[in-house]
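Let's walk through this structure one region at a time.

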Amino acid sequence: MKTRVPLVLLGLAALGLPFVLHEVYYQRVAALVVLAAISASAWNLVGGYAGQVSVGHAMFFGSGAYGALLAYTVLGWPPIAGAPFGIAAALLLAVVVGLPTFRLQGHYFSMATIAAAELIAIAVGNWKLVGGAAGLMGPAAPRSIADLSFRSPLPYYYIFLLVLTILLLITARIERSRLGFYLRAIRGGERAARSLGVPAVRTKLAALLVSAGFTALAGSLYAVMIGFVDPESGLGLLVSVQMVIIAALGGAGTLWGPLIGAATLIPLEETTNAFFGGSGTGATFVVYGAIIVLISRFLPGGIAELWQLVRSRRRLRAA
Amino acid sequence: MTLSRRTVLVAPALALPAILRVSAAHAAAAVRIGAIFPLTGAMASAGDAIRSGVELLVDLINTANPNLAPIPLMATAGLPRLGGAKVEIVFADGQNSPAVAQSDALRLITQQHVVALTGAYQSGNTLTASAVSERYGIPFVNGESVATNLTTRGYKWFFRTTPIGPDIAKLYLDFLASVQKSGMKTSKIALVHDTSEYGVSVADTIKKAAAERKTPVALDVAYTNGTSDVSAQVLKLKQAAPDAAIFISYTSDAILFMKTMHVQNYKPPILIGDDSGFSDPSFITTVGSLAQGVLDRSAFVPGKPGSNAAKINALYKKKTGRELDDTTARSMTGLLVLCDAINRAGSTKPDAIRAALGATDLMPAQLFIGYKGIKFNAQGQNILASALMVQLDGTEYQAVWPSDQASAKLVLPFKGWT
Amino acid sequence: MLLEASGIVKQFGSLRAVDGACLAIDRGEVVGLIGPNGAGKSTFFNCLAGEVRPEAGRIIYKGADITALSPEAHARRGIARTWQVPAVFAEMPVRDNVMVGAFLRHHHAPAARRKAEEVIAFTGLAQQAGAPAGSLGTLGRKRLEIARALATEPELVLLDEALAGLNPTETAAAIELVRSIHAAGITLVIVEHVMAVILSLAQRAVVFHQGKVIAAGPPAAVIEDEAVIEAYLGARFRRRSA
Amino acid sequence: MILVQLVADGLLLGAVYALLSSGLTLIWGMMNVVNFAHGDFVMLAMYIAFVAVTFLHVGPAVFVPLAALMLFGLGVGVYFALIRHVMRGPMLAQILSTFGLGILLRYMVFWVFSANFVSLPNRMAGGVLAIAGLRLQDSRLLAGLMALLLTVGLHLMLTRTAFGSRLLAVAEDRTAAMLVGIRPDAMQALAWGIGAACAGVAGALIALFFYISPLVGDSLVLIAFVTVCLGGFGSIPGALVAGLAIGVIESLSAWFIGAAWQDVVVFALFLLALWLRPQGLMGKA
């Protein structure tokens, strides 16, 4: 198995990264990269493999984030203990929103998911019981280790890494299984897929359930780390767009694409913000926007395409 | 093959420290303070104004300005108790994201080695950024966020100079009561507010306070920030015909409301804007001519020539071409209090700064803002924070109430446009 | 009787595309559906495949009513189809395309892969098995469609103009392929424009005209039928045979 | 009476949505590309109007055509520099590229003009037409009129002219169009130019009565997307009908339910409509 070696090296690099990045800020960026990779990978199951471009995944992310902080504010539990509630809510939402919208094609599906997520965001913003517009706060100071409130980003990094590893293993498993083939077949052409016996709605729903569950978990982890969520930061349109952008930038529908996207975009965001943010000129986003445009212009399949280009060129040379 | 795959994945992450380290150039002996404000995104217009104000204030601190003598640190160049050390502000853009503001705080503390933080405008951003400073034991002085829960977290390192919800509600109700005494009816109050954290929290405190005084709010119109049309909201007001309407709106909506009220030819007898949108200089330049006589809650008025406020306003206007607005003045005051405390501490050690902040006791005469002074309670809230009612006349707001601080006479009813 | 459709009606707006068509197919038959453009044969075909749900009529397959079942349920029951405009999954390799079909009866990847390889060899696609389906030419795509359909291990295969757009050499090769499928015991329904194909492949031809079946029988006999020639075949067939 | 005024206001607002949507739906329908930068095109046009009024002291008769012309150029430029290349990629690449373009445009303007809100002088908004107790702003009526004209014009162009049938031919089947001698690139570049020019007209007219800021596109464009989708992608009359419907629904729900919930009502009805008609009100199945 020649692919095992780079995988082991990658794993070791991920585990050892904090020892290279010994400054806490870089460690935080690394943690944010892994967190973004989790939600983008989760989105990738539906948006990438199945080609159903959801722009409403914030509803699942927000479920997780709100689940965690509601467990704290209402029940006084450690926020992470609320993750199961958040995941359960996300699964329920996935069924309620997924079943009617999956019959929509292409851009109609995208628009419907945007509308559903915005609807939920506005409703939560107007709903005092779940914090309303003010949002929800985590524990101001850790009461016990279970609150997962650390000064160092390292514990978060390793927790996130563990979740990401599990998600990537599941994704790799799905990729090689019947479900993975069915998802790609649906992307390739839903009518043709159904004529081959692919139960399209059930297949998409299965992918959406896994996707929603992990997106919600990412939301819970986000809330635990940041200690605050409000409708915009938990359920806003940009939360969904971020997942789409990261996966598409890295290479949607590939195992490593979302990870590549997160490892590119998050440091890019942080670097441009650190460099230009203070200037007040908006240069942060000029650079950010320009890079997205350039990548989409020259690598429409995402950065993962670069790797394929290199490989095919090498094959050409070998031939 | 193995090499290239690894490189593709890890290279961006590894390159980051090298890139960032370049930016961490150190200036010798200066006292570095981190300032997080929304410099991009939907709140950038406010952040931009604040940024200019902060730059102005730091210039004034770092140079000798004897004509501003009553204000701390003005007469001397730099911080005298630290050997004239200059203050250096490291700005960071909190955007519209609590997570970004938190990253900013961490970066400023651990990379830029700031001795204290100020900011971060949106309450959510202030909340997450100050959580970092609390963990690192770095003082954080906030001059402008109004969410009540910021000072109820039991934080040791967080201080706030601005008036908050209950102060604001009291101001409005006292003002309306005094207008009523002068013979104008004010019992029917309408609230118009957006559904942001700011709009809802201020509206709720006003509603609560009004109910306690047995003059419950008669009409409550909530709308979404950034809406594209407010005709229906204005029609509601027009039909209910309240004695006084209080708007709690950000700039874009405030502009839209004035334009729409003009179209519908509707003028409430008393029109009060709650700071933010109505204080934004853009509000005056865009719809000032439709909003003559609008009342605004503000802690800042340029006032009589020769006053601290007038001088600071003149300097700000010279720098930016615009009037100094209340929010910026409040943020500047937060920073001034912080610099004053660092100077009195005579040290940049966090504990010393915190002790000095706790001992802060500034008089109104030492400020350029209309607070009754600065004195923090155990929670870090300024107990002398207050605001006044100002009224737009031409392109400038004048203090009109309470009468002891007034620089012009209150003119009612609301004139609007001609 | 493998499949029996009776009284099928399908309306599109004001157009009655299929108007009470009936058809019965025996196990092991090769049936050709012919008729001029707009005769309703494609819509009827789509009703058989479950792609279009008729407004009236019943389709009985192996004794069960499948009229209202979804396309995927048709596939599960052993009815496979190809598409007039090839609908291969362009980004997936040829082998993976076929595996999608094979997964219907083989839930685990290794078994599905074995089945796929078998079908790929049978359809003569072994050379291109690793290439993306999008890189195939017309013949390759048609073969792949057939391979995918066969991988679902059907009893009845519906071929929608599987031979259109091929040159004479390719057509001959494709006819060979269809023959071998039939030889493997699979019942076939073919919609085809090219009469030569129907003549050489089908045991029975069914002629559609204005949504109705106007003639049925051995192809050679059908094309002699005066009504058929008048209704449709005349000009076209004479031109083709000329 | 209030009800009549509410409906009138809703129709005028709806006309704004229709105006915003016309260019979007053209590009969407002709090329199946969602232009996420559309709101920023509109924003650019608003700044063109602002600059023209502030520095050249001209009126709408000059700056509306000016904005249309400049945006036309931008649209053609964007097509050749960017869209032509990403169209070959997956749908996600299109989302990525126009989204990135939007951010880029927005913050380039931000850099030049800062985040501050500006506005055209209030006199440019025109007077108020008061008939039978109704109060309607002249500039909004003008915008409504233009929305109608644009819709009719675009519709006629697509259905009645040779140019329109060529455009539709390219949209239907690029290769086949090429075979009959149509140059798809030129056609699609023109479609982008016209789509952007519509955004130019919309922005310049909306600037008359709206505020202007680098991020103004955000508050306008989301509902425009809903409008286009509800009308059916590519259906120009559909966008008009959907725009007017949404405007009236917003106005009425702001009155009867509360403005805080008006978007919830719109999104909920939109989802319901899609559920009943998955291809939009006037889209092709």
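Start with Thr215(A), which sits in helix H9 (residues 200–226) of chain A. Helices here are DSSP runs of H or I with at least four residues, strands are E runs of at least two, and both are numbered from the N terminus. Before going on, note that this is a predicted model, where local features need pLDDT of at least 70 and side-chain atom pairs count only at pLDDT 80 or more, while totals for chains, interfaces and linings use all residues. Residues are numbered from 1 along each chain as its sequence is written, chains are lettered from A and ligands numbered from 1 in the order in which they are written, and side-chain values use heavy atoms, with hydrogens and water left out.

Is Thr215(A) buried or exposed? Thr215(A) counts as buried, because its relative accessibility is 0%; buried means under 20% relative accessible area, exposed over 50%, and partly exposed in between (1.4 Å probe, protein chains only). Setting aside neighbours within four places in sequence, Thr215(A) has contacts that include Trp43(A), His57(A), Phe60(A) and Met243(A), a contact being heavy atoms within 4.5 Å.

**The sheet in chain C**

Chain C has an open sheet of six strands in the order S6-S7-S8-S3-S9-S10, with mixed pairing. Two strands pair if DSSP finds at least two bridges between them. At the edges are strand S6 (79–81) and strand S10 (212–217) of chain C, each pairing on one side only. From one strand to the next, the twist averages 20°. Strand S3 (residues 30–34) and strand S9 (residues 204–209) of chain C run parallel and are joined by four bridges, and Ile34(C) is opposite Val207(C) in S9(C). Helix H1 (residues 41–49) of chain C packs on this sheet, and its direction makes about 150° with that of S7(C). Axes are lines fitted to C-alpha atoms, for helices over the stretch in contact, and angles run from 0 to 180 degrees between N-to-C directions.

**Where A meets C**

How many residues does each chain bring to the contact? Chain A brings 21 residues and chain C brings 24 residues. Together they bury about 1,800 Å², 63% of it on carbon and sulfur atoms; buried area is the accessible area (1.4 Å probe) that two parts lose on being put together, summed over both. Arg178(A), Phe181(A) and Leu196(A) supply 36% of what chain A buries against chain C, more than any other three residues. Four salt bridges cross this interface, a salt bridge being a side-chain nitrogen of Lys or Arg within 4 Å of a carboxyl oxygen of Asp or Glu.

**Charged pairs**

Over all chains, the structure holds 40 salt bridges. Here are some of them:

| Pair | Closest N to O distance |
|---|---|
| Arg140(D) and Asp229(B) | 3.3 Å |
| Lys62(C) and Glu155(C) | 2.4 Å |
| Glu118(C) and Lys115(C) | 3.3 Å |

Arg140(D) lies in helix H5 (residues 138–160) of chain D and Asp229(B) in a loop of chain B, so this pair joins two chains. Arg140(D) is buried at 10% relative accessibility, and Asp229(B) is buried at 7%. Lys62(C) is partly exposed at 41%, as is Glu155(C) at 25%. Glu118(C) and Lys115(C) are three residues apart in helix H4 (residues 109–122) of chain C, so about one helical turn separates them.
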